[in-house]
Structure formats: structure tokens, C-alpha cells
Amino acid sequence: MSDFHYFDAPNATHVTNHTVVTSGSIDGWEILLQHTAPNALHNSSARYDAPKCDEDTRVEVTSEIMGWIKDLNGPQRLLCMTGAAGSGKSALQQTIAQLCAGCNILGAAYFISSTDSSRNGAFTVVPTIAYQLGLKHPILKCSISAAVIHDPLIFTQSLQTQMDVLIVRPFESLRRSEQCDLSTFPYAILIDGLDECNGKPITNANLRHVNAMTECKAEDRQAELLTAIKNSLLNNDLPFRIFIASRPEWAIRTALGTDGYLNELAYHIRLSDQYDATEDMRRYLRRRFEHIGLSIRDPHWFTEGNVETLARAGSGQFVYVATVFKYVSERRSSPVHRLKTVLNWTPDDGQTTRPFEALDTLYTNILLSAKEAYEAVDTHSGCDFLLLFRILLLEVVGLLFRDVPRAILHLESNGLEILTSDLHSLVHLVEERSDLTYLTTYHKSLEDFMNQESRARELFVPEARAYTHLAKCCMRYIIGSPVLKFRPVPLEDLSFSENCLAWAIKKLARYLACAVAIDDEIVDFTRKGGWHKIDTALPSGRNIIFEQWKEDSDWVKLLSGVTDGLKKRKPEAAAIMSN
């Protein structure tokens, strides 16, 4: 067999049948190590307390993932698991990494974290994976080292170029060397937290050439990494099976969508939608509470009803029960007292107790990031993201006519989808048909968070402010609509403009009743003929708009309350309205 040379470059490493020879003083492996992220490894000391699945929990999904990984003849070599924030994706990845390591099939793992600057970017992903793969075989290690010596600027180049040079070509060289049984090579590559990967370049001052790297949007960098995996690892005849976990944010959502470039190539697990974790959450809490019972010598300090209440409140997302346990198990306090605090906790001005602080931080980070992205778009200038999201939670959790609220709120086409585009880890817009959409929240506690100023803090939007905005939007829409009488036809046969006007009229009284006092706006609405338009529309359209006479009487009662309040505050304004 002839000698194998990966690169014939000055000072390169040469691999022969029996020996490995390094010429010159440049050490490519040492250079590679400078560009890796040790904290991203599954067994890193920085992740010594990394969450993982409890025994007897997440058994079904773990079995499905391991079955897929071990099915080497399976047609899809990429598994993407998406799930809501706090659904337990990282715990599953850690568990799978440990299982693969135990079976000697773990090729590499990379755990991205937005809170760790050494592993929250994309430019250390490929070198760190290459490092772990290189440890599995000396020839592969030498080929990777030679590639770095040949092109020390490789770490400043595109992710696909890095993947080709540091993984694909060295592995092809290993295959050609015939000195490795590829059927025994560890083949599982795991990447966790794709959504937490930002678009920033490496900023380590000790590294050379970092100025060549440019900053971009996080979602673009995530898409670049996915594209590189497709073009380099999936399109080449390599034995790797790749498991990626992420919140369902833009990059992976579009890649896996109907027309996405990974749609047919990836096996997709929708963790929050396909697996109900409630029973596993019961086991998690029961086991940990029983352990606390041993330490305090009181096995009856909690009840099964307590466990059930907390598991239900978690809405299937493990982060809730993990947060509860972390709070309850504080060793300097009574678990009995702290459990009662969680079960009975209500927000109170000046209250220092924050049992859901970790959960609140999660919501805050996601919402602030989405707010920044939404309000940075030119066409959203002047739009208040938090106000619109608060309205969305108040009005369309459940059934909604998708385009009607959009038109009245003066949002662009697909405005509701755009508003929630960076919130898919918290909420989900489900389209039942072209004119009907459901908004669902993955976390029941999200609505509790948004309703409580003590939790939401700077993100808090009072209900009254949301209803005030809705009332103004309805009045503005009614004033801008032509005078019309509703046709005596079923609601579904109304035109779009009729449907919008009917919605605005039907909702106006309730919104005004719940809003803060907006006397000037009501007077302006009156002077511009708003009530006249409603009077004109109602005689023939009463049953269409209100559907039942009870709703009609409620509408009148609510409006009367608004008028009575106006009379007390501004009699002259009420007189104008009466006329």
C-alpha cells in the first residue's frame, strides 16, 4: 500500500503506513485547540451539574432518539428535535450524549449556551467537533492538524469551508488510508441549543485574524450552520448521524418547513406537541420531594395533591417543575414553608419572595429579544411590541378571525404571524383553515407572568392600557368605514369590510368599559359620526352582529356604564354624546 499524504505543504504532517511524522515547528493541533470551546463538551467541568433526564422519565422519547441513532441504515441521517422553551431539550441531549458515550458511539457533542461567551457563537462549533472526532483516531487527528497548518486562516472562513476542510476531507483521507474500520468509528454528532447561537464573531484577543469575521443576525448564523451541515455532512458519504435540538425559531423552522431545504432530509421530533411530559413531571417532583422527606425526617411533608397541582401548572414544560424544586429545596429554608409559598403565591406590592425567578428570567430574555427584533424593522416604527403581544394574549387565546383583528389593529398582512415569529418557543399560531387561527401558549405560567407586574416588571402592560388601545382602534376603524346597513345574511356571508365593522361594533362597548378614561377620544368619535354609523348599521344587522339578544343587552348595559362615567367626569362631553 502506498504512503498516505493528506497535504504536501511545507512543514506539514505526513502519515505513512506505520508512522506519523511532524516536520517544522508549527503544531496544527495546538492551533486548533485555541479555537475550540471546552465548555461546550458534554462532560465539561463547566457543565458538571448539567440537567439530564431522571430515571424512568422521558423513556419513550429517549427510546425513539436512540433507536434512530443506532439505525445506521435509516434513510435520514439528521434528526431535529424542536420544542418550547423549558420543555427539556437540553436534558434530553445530555442524556443521549451520556448514553452514546456509554455505547462508544459518541463522535462529538456541542452544547451552545447564550449565557457563556465561550460557546454562544458559531465559529467554535466546527473546530470543537473536529477536535473530538480527531481524538477517536490518530490518522484523523494528524489529517486535521495538517489541514490547519496548510491554512491557518481556516477559522475565519465560512462554516461550510471549515466543515469541508476540518471534517469532511480528513475523514475521506481516513477512509482511503484503510487503517480504520469505519463501521466501529463513533458516529453520533450532537448539537444542542441551536437557537442560542448568536451572530457575533470570536472576540478572544489572544486569537489572530478575528477581524476577518463579520457580525450578522443570529438567525442568519444559525441558518448558515444548518446549511453547512446539509452541504458538507449530509451530501457526502459519511457515516455520521447528527442530532440537533433547538427551540422552534426562524432558522430551523424554515429549514424544516414544507418547502424547507431540510424537510425531506431530516427526521423531525416536535417535543412539545408529540410528547405529554405531565406524568414524567409528576415522577420528577415525587422522587425529589421524597428525597427531601428523608432529609427532614418527614415523609408526609407533601401530598399527592400538591404534586398534581404543580405538574398541571407546568403545562408539560419541565422548566416549571425544575424551578419549583430549586426554590423548595433551598437548604437554608423550610421546604414545607416554601412549598406552601409556591402553591399559594400571589403577587403583592413590595413582596420580596420570587419563587418563579428562574422562569421569569427565561420569559424576560425571550420577550426582550423578540421586542428588539420586531421594533428594529422600519415598517414597525412606532409599534409597541409588548402592547400588541399583551393584546394578543388577552383577545386571541383561542378562536380568532385571523384577518379581522389584524385590520382593526392596523397590522400588515400576516401581522399576527410576524408579531409572534420570534416567540415560537412560547406560543404557537395554529391555522385551522384560511380564516381561522388558534393561538396556544406552551406555558400556562406565561399568562400569569404577563398579568403580574411583580413578575413581568419592565415588560408589564396593564390590561386597561391594552383595552384602551383596542377601544381606540375600534373607534378609528368605525369612523373610517363607509356608512352601511348590514345585509340580512349569515355572518359567514358578510364581506371582509362588513366583518371588520361588525367585529369593531360588537367589541367597542366592552373595550370602552375596560379601558382607562378616554373622554376626549369618545367626544371626537361622537363628533365624527361614529355613533350615527353604529345606529345606521344596527337595525338590520342586530342579530348578525350580536347573534343573541342577550349580547345586545349586555352591549347596551356596558355602553350605559361608560356614558354614566363620562357624565360624572365631563358633563359637557356626555351632552355632546347624547345629542
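Residues are numbered from 1 along each chain as its sequence is written, and side-chain values use heavy atoms, with hydrogens and water left out. Because the model is predicted, local features need pLDDT of at least 70 and side-chain atom pairs count only at pLDDT 80 or more, while totals for chains, interfaces and linings use all residues.

Two packed helices are described by the angle between their axes and the distance between the axes. Helices (H or I, at least four residues) and strands (E, at least two) are DSSP runs numbered from the N terminus. Axes are lines fitted to C-alpha atoms, for helices over the stretch in contact, and angles run from 0 to 180 degrees between N-to-C directions.

Helix H2 (residues 59–70) and helix H3 (residues 89–102) have axes that come within 11 Å and cross at roughly 50°. The two are therefore oblique to each other (angles under 35 degrees count as roughly parallel, over 145 as roughly antiparallel, 65 to 115 as roughly perpendicular and the rest as oblique). Their crossing is right-handed (the near helix is turned clockwise from the far one by less than a right angle; anticlockwise is left-handed). Val61, Thr62, Ile65, Met66 and Ile69 of H2 make the contact with Leu92, Ile96, Leu99 and Cys100 of H3 (heavy atoms within 4.5 Å). These residues divide into eight nonpolar, one polar and no charged (Ala, Val, Leu, Ile, Met, Phe, Trp, Tyr, Cys and Pro count as nonpolar, Asp, Glu, Lys and Arg as charged, and the others, Gly among them, as polar).

For helix H4 (residues 125–134) and helix H6 (residues 159–177), the axes come within 10 Å and cross at roughly 15°. H4 and H6 are therefore roughly parallel to each other, and their crossing is right-handed.

Helix H15 (residues 385–395) packs with helix H18 (residues 444–451) at an angle of about 125°, the axes being 11 Å apart. That makes H15 oblique to H18. The crossing here is left-handed. In this pair, Phe389, Arg390 and Leu393 in H15 meet Leu446, Met450 and Asn451 in H18.
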